[in-house]
2 protein chains.
Amino acid sequence: MSHSEPGGVRQARKQRTRQALLDAALGLLEEQSLSSLGLREVTRVVGVAPTAFYRHFRDLGELGVALVQESLSSLHTTVRAVLAEQAGAEERIDHTVAVVERYVREQPAHVRFIARERHGGVRAVRQAIAGELDRFAAEVAAALKSQPVSGGWSDEDVRMLAELYVDRLVMTASAFLDVRDGGDQDTERWRAVACTARRQLRLIDVGRQYWRDAGS
Amino acid sequence: MSHSEPGGVRQARKQRTRQALLDAALGLLEEQSLSSLGLREVTRVVGVAPTAFYRHFRDLGELGVALVQESLSSLHTTVRAVLAEQAGAEERIDHTVAVVERYVREQPAHVRFIARERHGGVRAVRQAIAGELDRFAAEVAAALKSQPVSGGWSDEDVRMLAELYVDRLVMTASAFLDVRDGGDQDTERWRAVACTARRQLRLIDVGRQYWRDAGS
DNA sequence: TCATCCAGTAAACAACCGTTCTCCGAGTTT
DNA sequence: AAACTCGGAGAACGGTTGTTTACTGGATGA
């Protein structure tokens, strides 16, 4: 395992420390918010000189934007699968909640980052998250529209429903996270959150089935 | 207008600068988050020595908790009125959204603070907000339960619905805020957000009307 | 009137911050 | 093999931070 690539050793090392910076930042952000995160703090964890930071990001805001993409891309692809599947409402709801559960368990730091910085103090990061969730909502809207239940729905209403769903996904994930580092016994409170989340989605789904257009 | 109170001049002055600290902090928090706010930064705006801060708060976390109470008490009483009123679903929804609109217009800093620090980096403040919203949800649940539509609803389901409502209120307020400092023309996007918010509440209400209990 | 209290002051502390500049040395290209 | 890139190191900069210690002076209560 020595020389094989024609000339990517240099770039590979660069992207490795870049990833190390992202990972270190994500770790530190579990107990503070981005606008209070220090440049030196990050480089110290990685074990590089503070000046090395500038070889990868102009400032912490730029790193934050990179973290947004990293955090949402994984969930994005996972949920896409759930949306595509042809199944009953009940089943789809169960799968959705299960996917969120798994995501929170496997990538808690990513979830926390998104929930925290969605309304956080760094404008560029807020906008990046908003844009990403917007694309997300658009996909959900497209999936919803293709379902037979949406007959006679205006595009605006479908979009409205999609945003409702996306917001709930984020809130549910955040709720799972809260009980997770709440400390207590996982199983009890955790299952309660899952149950509540399912019921809320079910209620929205009922509203969807009996929805009738009205003015304004 | 000189001597009238028996002995509250000293305490009155103290609470005045205390309020000044709260106001200054709230202003500074429009463009950053609490965990990055500096103690000296606050006292500088007020015009007092940094050490004077300790006469009022142990640290910025304690100030944050005080801000939570201040921020939510006003909205709390306002929404209480809407909950109490006996009116049709359509009317109540319109009133609710109108109240949120007014709140965002009159107290944008408070709304931003709550939305930002709800998932922010300071544990004590997060818990304070969670606790306050919990009491809030309990009140909403009580109001919902007393309505005839809730016949046969379990307490758990009523609570589930109440949390759904509260979350939506916060998200709606935050959405208004985003379009507010998005800059563009207020009227157009603003009315769109209001319209979407009404429709989402309406859809939830439809779901509520046709809700039927089911296991798990 | 006089002793007491206490909100606010002033100075100094060590620690940390973001950023600039210069330099090095291993990987890359010719 | 020589010339060149460029990620990273190192040192230094001016500035800010939270906190401590000792002190002041006007309201307070006897």
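The side chains of B:Arg199 and A:Glu156 meet in a salt bridge, with 3.3 Å from N to O; the term stands for a side-chain nitrogen of Lys or Arg within 4 Å of a carboxyl oxygen of Asp or Glu. This pair crosses between chains, joining helix H8 (residues 186-209) of chain B to helix H7 (residues 155-180) of chain A. Helices here are DSSP runs of H or I with at least four residues, numbered from the N terminus. B:Arg199 is buried at 7% relative accessibility, whereas A:Glu156 is exposed at 57% (buried means under 20% relative accessible area, exposed over 50%, partly exposed in between, with a 1.4 Å probe and protein chains only).

The model is predicted, so local features need pLDDT of at least 70 and side-chain atom pairs pLDDT 80 or more, while totals for chains, interfaces and linings use all residues. Residues are numbered from 1 along each chain, chains are lettered from A and ligands numbered from 1 in the order written, and side-chain values use heavy atoms, without hydrogens or water.

Over all chains, the count comes to 31 salt bridges. Within chain B, B:Glu132 pairs with B:Arg135 at 2.7 Å between the closest N and O atoms. These two residues lie three apart in helix H6 (residues 123-145), which means about one helical turn separates them. B:Glu132 is buried, at 12%.

A polar side-chain atom of B:Arg40 lies 2.4 Å from a base nitrogen of DNA strand D, and one of A:Thr17 lies 2.9 Å from a phosphate oxygen.

How values were computed: A polar contact is a pair of N or O atoms within 3.5 Å; within protein, one must be able to donate a hydrogen and the other to accept it, and residues adjacent in sequence count only if both atoms are side-chain atoms.
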